[in-house]
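This briefing walks through one protein structure, topic by topic, for a reader who is new to looking at such models. Please keep the sequence and the 3D view side by side while you read.

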Amino acid sequence: MKKLKAGLSKAKDATVGKLTKGDQNKDEEFNHQFKTLKHNQEQINKLSRCIAEYNSAAGAMLKAQQKIAEVLSNMMEGDALQRDIQPLAQSYKQVTEASINEKINLLDELIKLQFNDPLNSYLNEYKEINERVKERNRRHGEKEKLLTETAKYKAKNDPRLQSTESKLAAATQAYEDLNKELTIDMPILVADRGKFFLPVIANVIDIQGGFYKELGKQLSYVPLSGIDKSKGHSHPSVITPREKSSVSRMYSGFDTSPHQQGHTSPSYSAPSHNSPSHNSHSHNSPSHNSPSHTPSGQPQVPTRAAPPVPRSKPEVRARGLWDFQAQDGNELSFRAGETLTILTQQGDWWKASLNGREGMIPANYVQ
């Protein structure tokens with residue numbers, strides 16, 4: 001009888017040993033698949049951030065274009081000498097002002113409809129897998145706990161051994177079923193990404209093409225016909241040539257002839273060095289740096305222009321609702337409760353700054 005019990009005990013020990021070794025092998029396979037899944041999820045999130053950055057940049061480009069047209073128009077407006085360019089400047093301003101906010105909102109709406117919404121639905125599968133992995137790990141821990149109790153009760157010939165073994169069998173089956181399901185689903189989900197992104201990215205490219213096409217169509221209404229656009233490179237100078245300018249004559253003091261006592265007059269002479277050519281005066285000309293002189297020969301103190309009054313722009317601030325850890329160099333980490341300055345607001349990812357650092361942040365993490 002004792003030999004029979006000893007044999008059964010060895011058989012159980014061998015079974016437990018095989019089970020543990022088998023779990024280790026399955027864990028290695030599982031861990032590899034889960035690591036691949038997480039890497040794929042990170043790449044998808046990175047792509048989403050890039051789309052958000054594009055959206056933000058497109059909106060900023062439209063606003064910058066509007067500013068160019070506004071400055072050009074203001075620069076030429078009301079000047080009778082600028083009649084040639086005034087129609088173009090006014091037309092450019094009118095065209096760029098036409099529904100700029102509509103274009104930005106339309107781009108946001110199309111990206112949300114054709115990219116963000118399908119992507120969020122697709123990422124729900126990844127969220128579901130992550131939840132199942134947590135449950136799988138919980139079941140694995142429960143099984144390991146029962147395995148330890150079984151070994152302890154068996155060593156002491158504890159009457160609770162039978163019920164614990166039944167629980168262990170049920171827990172092992174529950175773990176095995178979910179583990180097997182995950183090892184099938186995770187590779188399938190990773191392999192499926194190409195089929196999902198094919199139509200989604202095609203829509204994004206189509207939206208981008210439509211955006212540029214609409215922008216080109218809008219600018220085509222600016223009257224450019226009859227303008228020789230190559231003349232900007234050969235535009236002639238209209239000011240007095242340097243070799244004929246008084247700036248090429250050097251100041252040499254005052255004449256104090258006896259017959260002119262009490263009266264002084266400045267005299268000028270040509271410079272001893274070769275005067276620079278007209279085309280090089282932008283780099284070497286002293287015309288902007290040569291100080292004027294007082295009768296005593298001392299240079300006059302130049303007048304200091306009043307510094308421009310800085311224009312303050314209203315800052316948009318937001319408070320972190322949750323901690324966010326940046327995944328790459330384009331993102332900005334912050335903690336819940338910290339106050340961030342929002343630089344641009346486009347789509348699901350905004351550009352913000354914190355303590356001198358800038359980067360992209362998820363819009364739903366702040367308020």
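This is a predicted model: local features need pLDDT of at least 70, side-chain atom pairs count only at pLDDT 80 or more; totals for chains, interfaces and linings use all residues.

N157 is found in the loop between α3 and α4, the latter spanning residues 161-191.

- Most residues other than glycine have a negative phi.
- N157 has a phi of about 55 degrees, a positive value, although N157 is not a glycine.
- Is N157 buried or exposed? With a relative accessibility of 62%, N157 counts as exposed, because the cut-off for that word is a relative accessible area over 50%.
- N355 also has a positive phi, near 55 degrees, and is a residue other than glycine; its place is in the loop between β5 and β6.
- N355 counts as exposed, since its relative accessibility is 67%.

**The open sheet**

- Four strands form an open sheet, in which the order is β3-β4-β5-β6 and the pairing is antiparallel.
- Which strands lie at the edges of this sheet? The edge strands are β3, residues 316-319, and β6, residues 357-362, and each of them pairs on one side only.
- Neighbouring strands of this sheet are turned against each other by 45 degrees on average, when direction is ignored.
- Strand β4, which covers residues 339-346, pairs with strand β5, which covers residues 349-354, in the antiparallel sense and over five bridges.

**Salt bridges**

- How many salt bridges does a search of the whole structure find? The search finds 16 salt bridges, and three of them are described below.
- The side chains of R132 and E128 meet in a salt bridge, with a distance of 3.0 Å from N to O. R132 and E128 are four residues apart in helix α3, so they are separated by about one helical turn.
- R132 counts as partly exposed at 28% relative accessibility, and E128 is partly exposed as well, with a relative accessible area of 38%.
- The side chains of R138 and E135 meet in a salt bridge with an N to O distance of 2.8 Å. Because R138 and E135 are three residues apart in helix α3, about one helical turn separates them.
- R138 counts as partly exposed at 44% relative accessibility, and E135 counts as partly exposed at 26%.
- In a further salt bridge, at 3.9 Å from N to O, the side chains of E144 and K143 meet. E144 counts as partly exposed at 27% relative accessibility, whereas K143 counts as buried at 1%, because buried means under 20% relative accessible area.
- Salt bridges that share partners join E128, R132, E181 and D185 into one network.

**The largest pocket**

- The largest pocket holds about 870 Å³ of space, and its lining is made up of 25 residues.
- Which residues of that lining lie nearest the centre of the pocket? They are Q41, N45, L123, W349 and Y365.
- Helix α1, residues 2-76, and helix α3, residues 100-155, each supply at least two residues of the lining of the largest pocket, and α1 gives the largest share, namely eight residues.
- Sorted by class, the lining of the largest pocket has seven nonpolar, ten polar and eight charged residues.

**Two cavities**

- The structure holds two cavities of 30 Å³ or more, and the largest cavity has a volume of about 50 Å³.
- The largest cavity is lined by I51, A52, N55, I111, N116, Q346, G347 and D348; by class, these are three nonpolar, four polar and one charged.
- Helix α1 supplies the largest share of the lining of the largest cavity, three residues.
- The second largest cavity contains about 40 Å³ of space, and its lining consists of L62, Q65, T96, A98, I100, K103 and Q218.
- The lining of the second largest cavity has three nonpolar, three polar and one charged residues, with α1 and α3 each supplying at least two residues.

Conventions
Residues are numbered from 1 along each chain as its sequence is written. Side-chain values use heavy atoms; hydrogens and water are left out. On a 1 Å grid over the protein atoms alone, a cavity is a set of points where a 1.4 Å probe fits but cannot get out, and a pocket is an open set with protein on both sides within 12 Å along at least five of seven lines; lining residues have an atom within 4 Å of a point. Grid points are joined across faces, edges and corners, and a volume is the space filled by probe spheres set on the points. Ala, Val, Leu, Ile, Met, Phe, Trp, Tyr, Cys and Pro count as nonpolar, Asp, Glu, Lys and Arg as charged, and the others, Gly among them, as polar. Two strands pair if DSSP finds at least two bridges between them. Axes are lines fitted to C-alpha atoms, for helices over the stretch in contact, and angles run from 0 to 180 degrees between N-to-C directions. Buried means under 20% relative accessible area, exposed over 50%, partly exposed in between (1.4 Å probe, protein chains only). A salt bridge is a side-chain nitrogen of Lys or Arg within 4 Å of a carboxyl oxygen of Asp or Glu.
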